[in-house]
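Student: I would like to learn how to read strand pairing and helix packing. Can we work through an example?

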Amino acid sequence: MQPKDAAEDIVIAGAGLAGLAAALGLHRKGVRSLVLESSPSLRASGFAFTTWKNAFRALDALGVGDKIREQHLQARALRVVASATGEIVREADFTKQGKRGPLEIRCVRRDLLLQALEEELPKGAIRYSSKIVSIEEDGNIKILQLADGSVLRAKVLIGCDGINSVVAKWLGLAKPSYSGRSAARGLAHYPDGHGFEPKFLQFVGHGFRSGMLPCNETDIYWFFTWTPSEHYKGVDESASKMKQFVLDKLRGSKVPEEALAVIDKSEMSDVLAAPLRFRPPLSLVTASISKGNVCVAGDALHPMTPDLGQGGCSALEDGVVLARCLGEALVGKDAMGRAESDRVEAGLREYARIRRWRSVELIATAYTVGFIQQSDNAIVSFLRDKFLSGVLAGRLLKMAEYDCGTLSN
């Protein structure tokens with residue numbers, strides 16, 4: 001049973017990718033934190049996500065990169081197909097791409113990654129069934145009212161509590177906007193092996209964007225994004241309707257049967273549909289990403305559309321950068337002899353400085369890429385298929401080369 005009133009030095013709201021990465025990064029720096037998770041156990045919504053080279057740099061800094069590599073296949077290539085014509089728009093060999101050597105791209109199961117991060121944390125570092133409902137102040141102390149009636153007094157508060165973040169709201173960040181699109185995601189499981197090559201297959205245009213990529217020898221992750229309308233009303237009422245909708249849309253395009261079979265193979269409970277939202281990128285230019293001893297990371301900071309495959313990757317980057325900035329403020333030597341509270345505030349300001357423009361760029365680029373790739377406008381489709389595909393690919397590869405640095409002292 002949790003005490004009704006307790007005090008903690010560092011509280012992290014949310015045990016998602018950003019929250020666990022920040023907690024583990026701080027642990028590597030010798031700093032203790034408490035992670036509050038609203039659900040009774042680790043959540044793995046979304047099934048899987050694409051991890052690019054930048055994500056593995058962050059995972060290596062956290063000390064779990066090799067473990068994740070052992071559990072997931074390295075993607076060898078990408079093929080982008082115009083869904084209206086079946087024409088190959090773009091092909092890329094990942095083993096040869098990248099200015100700093102071959103790209104590292106794997107489709108990582110979210111549950112396995114969260115478990116890997118959790119296992120490296122000390123026992124009791126995560127407190128489940130603990131949702132923050134309000135934040136008050138007592139000097140520099142943040143008083144956190146939890147849904148179970150208990151109260152936590154925190155010297156530092158880090159909001160990694162997702163797109164509907166209570167901490168982001170307290171900081172005054174702009175509310176996420178609806179992109180006008182929705183996404184369905186699923187995981188097809190083949191106990192005896194699926195036999196697919198580790199290649200990223202993607203279909204663009206014709207009013208939707210869809211793709212699939214094997215995670216390992218038995219699991220294939222797939223996604224489908226589209227623009228809802230009155231004509232499609234009710235398709236998200238159940239998993240079965242959602243899956244049938246996706247199959248019908250794909251069957252009307254130049255999508256091969258083996259790709260349809262992957263979606264058809266998915267269990268009903270393995271299908272998820274959700275609106276795609278993003279924080280207006282210009283709002284982050286002057287926003288208070290940190291204020292005093294409070295800051296945000298992950299989707300609480302930069303919710304974005306999934307069109308770059310960088311949402312989860314950037315959350316891991318956040319965790320490493322935040323742990324380094326805050327850890328150094330707490331355990332490093334301070335030549336100016338500042339009080340701890342002043343060092344913490346300066347550390348969080350430095351984190352916000354590093355992550356502000358990276359977040360703005362990722363959100364804006366993801367939205368633009370999604371609009372272009374999904375468009376069924378004749379002019380946009382022609383320009384995309386004939387001229388823009390190489391530009392978009394180059395932009396994506398540049399994003400994936402980002403290095404968040406290490407946690408070394």
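Tutor: Start with a definition: two strands pair if DSSP finds at least two bridges between them. Keep in mind that this model is predicted. Here strand 11 (residues 177–189) and strand 15 pair in the antiparallel sense over 7 bridges. Within that pairing, Ala184 stands opposite Ala273 in strand 15.

Student: Which strands form the open sheet, and in what order?

Tutor: The sheet has 7 strands, in the order 5-4-12-13-14-11-15, with mixed pairing. Strand 5 (88–93) and strand 15 (271–278) are the edge strands, each pairing on one side only. On average, neighbouring strands are turned by 15° against each other, direction ignored.

Student: What does helix 6 touch on the sheet?

Tutor: Helix 6 (residues 239–251) touches strand 11, strand 13 (208–214), strand 14 (219–226) and strand 15. Its direction makes about 80° with that of strand 14.

Student: How should I describe a helix pair?

Tutor: Two packed helices are described by the angle between their axes and the distance between the axes. Helix 1 (residues 17–28) and helix 8 (residues 311–331) pack at about 30°, with axes 8 Å apart. Angles under 35 degrees count as roughly parallel, so helix 1 is roughly parallel to helix 8. Their crossing is right-handed.

Student: Which residues meet there?

Tutor: From helix 1, they include Ala18, Ala21, Ala22 and Gly25. From helix 8, they include Ala315, Gly319 and Ala323. The contact residues divide into 10 nonpolar, 4 polar and no charged.

Student: What joins the side chains of Arg69 and Asp60?

Tutor: A polar contact of 2.8 Å. Arg69 lies in helix 3 (residues 65–71).

Note on methods:
Residues are numbered from 1 along each chain as its sequence is written. This is a predicted model: local features need pLDDT of at least 70, side-chain atom pairs count only at pLDDT 80 or more; totals for chains, interfaces and linings use all residues. Side-chain values use heavy atoms; hydrogens and water are left out. Helices (H or I, at least four residues) and strands (E, at least two) are DSSP runs, numbered from the N terminus. Axes are lines fitted to C-alpha atoms, for helices over the stretch in contact, and angles run from 0 to 180 degrees between N-to-C directions. Contact means heavy atoms within 4.5 Å. A polar contact is a pair of N or O atoms within 3.5 Å; within protein, one must be able to donate a hydrogen and the other to accept it, and residues adjacent in sequence count only if both atoms are side-chain atoms. Angles under 35 degrees count as roughly parallel, over 145 as roughly antiparallel, 65 to 115 as roughly perpendicular and the rest as oblique. A crossing is left-handed if the near helix is turned anticlockwise from the far one by less than a right angle, and right-handed if clockwise. Ala, Val, Leu, Ile, Met, Phe, Trp, Tyr, Cys and Pro count as nonpolar, Asp, Glu, Lys and Arg as charged, and the others, Gly among them, as polar.
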